[in-house]
Amino acid sequence: MTQFPDDDKPLVEFLRQHRGHVPPSAPDLESQIMQAVASAPPQPQWRQRWILPSALVASLLVTWAGYRVLVPNTASTASTNTAELEAFLATNWDSVVAGETPASSSSQDAEADWLLSEN
């Protein structure tokens, strides 16, 4: 028999005194249950119906999220990259046409600032 702590003994005694009687089971209960199961119409398999649409939606969300993460935001980088590219091309073109060696990076920065201030 299980030993209960001293503070639980009054509760255990109360529950023993006031417990209900278990009603007797029907003698043919098992056959009634089996007959009800056999005569019940089959339930639709909702879980199987939702597998394909759920998988499609999940794969579309993963594809969209991956695309958004991997593709840079072109609106903010396009203007910066265009200005730098224009300055680089202008500097190199001038040096090639004039037959000079390419300018130092500080003069390239000055020319890039000059090109950006004109626009």
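## Overall fold

The secondary structure of the protein chain consists of 6 helices and 0 strands. Followed along the sequence, these elements give the pattern α-α-α-α-α-α. The model is predicted, and the protein chain has an average pLDDT of 78, with 70% of the residues scoring at least 70.

## Surface and burial

The protein chain contains 119 residues, of which 5% count as buried. Its accessible surface amounts to about 11000 Å², and carbon and sulfur atoms account for 63% of that area.

## A nonpolar patch

Four residues, Leu29, Ile33, Met34 and Val37, make up a nonpolar patch on the surface; together they have about 380 Å² of accessible area. One of them, Val37, belongs to helix H2 (residues 29-39). With a relative accessible area of 56%, Val37 is classed as exposed, because the cut-off for that class is over 50%.

## The salt bridge

In the whole structure, a search identifies 1 salt bridge. The side chains of Arg16 and Glu13 form a salt bridge, with an N to O distance of 3.5 Å. Both residues lie in helix H1 (residues 9-17), where they are 3 residues apart and therefore separated by about one helical turn.

Arg16 is partly exposed, at a relative accessible area of 35%. Glu13 likewise counts as partly exposed, at 43% relative accessibility.

How values were computed:
Residues numbered from 1 in each chain as written. Predicted model: local features only at pLDDT ≥ 70, side-chain atom pairs only at ≥ 80, totals over all residues. Heavy atoms only, no water. Patch = residues over 30% accessible without salt bridge, like charges linked within 9 Å, V, L, I, M, F, W, Y side chains within 5 Å. Areas by Shrake-Rupley, 256 points an atom, 1.4 Å probe, with all protein chains shown as cover. Helix = DSSP H or I, 4+ residues; strand = E, 2+ residues; numbered from the N terminus. Buried < 20%, exposed > 50% of the residue type's maximum accessible area, 1.4 Å probe, protein only. pLDDT = per-residue confidence, 0-100.
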